[in-house]
Amino acid sequence: MSHQVPSDLGYVPPDGGWGWAVVFGASISVGFAYTFPKAFTIYFKELQAVYSISYSQIAWITSIMCATTYGGGPISSILVNRYGSRPVVMFGGLLCGIGMVSAAFCTSILQLYICVGFITGFGLALNLQPSVIIIGKYFLKRRPIANGLAMAGSPVMLCTLAPLNQFLFDNFGWRGSFLILGAILLNCCVAGALFRPIGAAKRSVKNQTTEKGKEAPKEEVTRMSMEMSNPTYAPAETRTEEEEEKDCCEKINQYLDFSLFKHRGFLIYLIGNVLMFLGFFAPIVFLAPYAKHIGIDEYSAAFLLSILAIVDMIARPTTGIIANSKWVRPKIQYFFSFSIAFNGTCHLLCPLASGYTGLVVYSIFFGLAFGMVCAMLFETLMDLVGAARFTSAVGLVTIAECCTILLGPPIGGTLIDTFGDYKYMFIKCGAVMVLAGTFLFIMNYYNYRMLAKEEKERKAKEEDPKIVRTENEGRSNWKKETLQDGPELEPLRDEREGLKTEVNGTNEV
Amino acid sequence: MPGFSGERFVRLLLLSLCLPGGSPADLPMTTQDASQTQGNLLTQMPTGLNESSPEPMMTTRVVNRQTRESVSDHSPVGHSVSTPGPDLTTQDFKQAVEEKASNFTDLVYEVLVSGVSGTPVEKNITLDSPAKVELSCSLANKYPHLKIVQVAWKKGNETIKHINKTENSWSIQLIVTDENELGSYSCTLKGEEEFKAVFHLQVPKIEGKEKPIISYEGDTVVMICKSSNYTPITWTWYLTNGSEQIAINDSLLSDKYVIDRVPANTTHLKILKLTKKDDGAYWCEAVFKLGKSKGKLKLKVLTFLVPLKPFLAILAEVIILVAIVFLYEVYSKKKEKHAEYEKEFEQVEQLKSEESNGVESSSTRHRKV
């Protein structure tokens, strides 16, 4: 019912082939973006000693890095809208590398804030958003699986980056490690190179045919067939001609689609997620200290996090596969709300866990829930707004989430310090997430009903034999094309009406 | 926890240890010494103690029994004691704290002997300030049948003569004022079998770092030494020159070394403008009233060429991979264009043939109509 329409993109995504290479590249990019701040904490002790500063001053480095990674979202979106994913990711990788290499030569903590915090953080921002965006361009039918696999890069990278950082630090000291980490981050450029632009390929074919000077009727045939499958292409042409005539609002919307704020699904997602992130990361941050607080030794406490990462690693692709199944995909928003509420319930039950076994069980369930939420984080947004507007949507969402992501752990820390007990932090996180899950569930129920209503109205209009017929013919051609695609279409067949509804939805809203 | 600032009379009570024995109700014991094995722990409040020691300790003794937890905090050896088992008479460590007019802390350490002889039981006792120490070896109440003929207390090879004997325990008293009195004291109980226990009196150990600290030429490095439980009087840093250890005088070489001794139980050595010559072992020495203790730290000074090699290797790998990806893309695009060109060519041919056919068929249709 809320599926992405091919017409939204203008072409049929390959759903495979080179797409899997893109998924691999995306998992590398996403992995670096999410895990680099966490893995960086190994250097804190040494840096504290060298620069004679307190822990909170050192912790600002990762806070600035996270803030820039999420806050740079809109800029990322604008750049992707303008230049496409590939150049942005490659530039981002280059920026990360430059940031870390210059950090190796820093002589004061302020320079570290700038090099590691801002420059590397911004480079990671230019990595994260485009990677997620390009998945939407390459996949439609298998998009949840692709999203799940790409997001699985995060725990895999965490498991490799943390010991690697320790190894580098033991052998090269912190300056040498920063230098080598800069080189490692340049691998994001390789990931970016894999992001072959799609959609623009047809344009080059057209140029080729004109260059080769074919006969006129043949040219028209090819151009017409391309227009049918790529209607956004023609409007783009006309757009360049009429650029001066547009008013500035449309121009801005071309780069960053602010009209999304009128989109019902987008607003629901935004409010629900902003609320959720208030309690999302705090439990991970405080799991090891909580374990030590109840008397578990340091290595076992660290092992809890490893369990979490391993379960997370398995949960993400699995969730992708489940979300792609024909029972779940139409109602993927409900699955998402359920996983958030499940996550919250885990936190609420955590204070009841006593001893090490209890915490191990909690870690397993937490890893599962965490993986489920992360795997569907961007898939649900794509599902709501469509792949074309996703570019701008992801930028706007990340900058809004930025505030609550940064506030979450400090609020948890204040609760722990005030009450001297970890259970209030877990209760707060659990309550916030259950609330967010319920909110999303109810609002998406409402949204699905509204979409069904709009679809009915759309159907009624179509039965009316008017000018709409030509459009319908065009659409029936698409239908035939997609029918020839094969058995994968089975899950989507019932929702084909929904395709039109979605078009209507995006147009109206 | 009463602090040890200055010197006070404190009475530490007995640390009961069991010599290796074959008693059935064995309790696992965690002690500092690995040679400790299982045995039955009996709480032995040797009544003899009161008689043997001239100081009035009775009140403290009673207090001590209850304050086992504070005792363990207090005593450096406390954590080595085992948890009491089903046998309620087991007691690990009791420590009495009593404030008196006189100077020293009173410490009493006891070893319980039971059952089978074997390797000597060893006990490490950490002292940082002058104290009065009583060491005693005693028989557990369970084994009255063991006849002890001869008991000898020795410091190294030197025999200690004045042994206080009570019903089942033999003890000696020491006044530890400086490092001469530290060392290993052993008691040997000879009877049908021989039992031996050794007490090692020592200053607190300072831990250095196992892994070398790595820094670069021209950079600054900070080395840290900590003494967690005991506060030393002062700290001294040494660097190793060949086989000698030379003290670092930070006032003399203040643009090279900076030593920070605040807070008192931590010290920082900052070395500026590193060169290859600064590479090697450094020692931080904590000076206590009863002696000195050293910790070792290693410093490695590298040139920037060392990490540069992996950096260039990874950079080369990135460039090669990017080049491969782009070349593959160009190659596959060429193939695609070629295939499309052929397809279009076929389409044109088809159109042409269709047109010619269409003309004929339409004309035939017309004729038919």
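Two strands pair if DSSP finds at least two bridges between them, strands being DSSP runs of E with at least two residues and helices runs of H or I with at least four, numbered from the N terminus. In chain B, β16 and strand β17 (residues 266–271) pair in the antiparallel sense over four bridges. Within this pairing, Ile259(B) stands opposite Leu269(B) in β17(B).

This is a predicted model, in which local features need pLDDT of at least 70. Residues are numbered from 1 along each chain as its sequence is written, and chains are lettered from A in the order in which they are written.

The two strands belong to an open sheet of three, with the order β13-β17-β16 (chain B) and antiparallel pairing. Its edge strands, β13 (221–226) and β16 (257–260) of chain B, each pair on one side only. From one strand to the next, the twist averages 15°.

UniProt, in an unreviewed entry, places the feature "domain: Ig-like" at residues 120–199 and 204–303 of chain B; such annotations may be inferred rather than shown by experiment. The span 204–303 of chain B is 0% helix and 53% strand, and its end C-alpha atoms lie 37 Å apart.

In chain A, helix α4 (residues 55–71) packs against helix α20 (residues 387–419) at an angle of about 155°, with the axes 8 Å apart. The helices α4(A) and α20(A) are therefore roughly antiparallel (angle over 145 degrees). In contact (heavy atoms within 4.5 Å) are residues including Cys66(A) and Tyr70(A) of α4(A), and Cys402(A) and Leu406(A) of α20(A).

Definitions and conventions:
Predicted model: local features only at pLDDT ≥ 70, side-chain atom pairs only at ≥ 80, totals over all residues. Heavy atoms only, no water. Axes fitted to C-alpha atoms, helices over the stretch in contact; angles between N-to-C directions. Parallel < 35°, antiparallel > 145°, perpendicular 65-115°, else oblique.
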